[in-house]
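Here are some notes for a colleague who is meeting this structure for the first time. Please read them with the sequence and the model side by side.

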Amino acid sequence: MKQIIILIRVIAAIVLITIGVDNLSQPSNTEVAIGAIEIFLGLAIIFAPIKSLFKKI
């Protein structure tokens with residue numbers, strides 16, 4: 001069950017990072033700022049599962 005939650009978090013982080021990178025190419029400064037926030041949020045979400053994965057190894 002715990003692995004399913006980690007998988008969902010990783011998929012959500014990948015989606016957030018993908019949407020954020022897409023927003024970086026927008027002409028509006030607001031869209032670029034939202035894209036940067038989405039990238040940082042995606043990295044924050046994915047950081048904990050990766051850290052626990054390397055801690056086990």
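1. Leaving aside neighbours within four places in sequence, glutamate 38 is in contact (heavy atoms within 4.5 Å) with Leu16, Ile19, Gly20 and Asn23. Glutamate 38 itself is found in helix α2, residues 29-56, helices being DSSP runs of H or I with at least four residues, numbered from the N terminus.

2. On the basis of the numbers: this is a predicted model, in which local features need pLDDT of at least 70 and side-chain atom pairs count only at pLDDT 80 or more, while totals for chains, interfaces and linings use all residues. Residues are numbered from 1 along each chain as its sequence is written, and side-chain values use heavy atoms, with hydrogens and water left out.

3. Which side chain does a polar contact of 3.3 Å join to that of glutamate 38? The partner is asparagine 23, and a polar contact is a pair of N or O atoms within 3.5 Å, of which, within protein, one must be able to donate a hydrogen and the other to accept it, residues adjacent in sequence counting only if both atoms are side-chain atoms.

4. Asparagine 23 lies in helix α1 and counts as buried because its relative accessible area is 10%.

Conventions: Helix = DSSP H or I, 4+ residues; strand = E, 2+ residues; numbered from the N terminus. Buried < 20%, exposed > 50% of the residue type's maximum accessible area, 1.4 Å probe, protein only.
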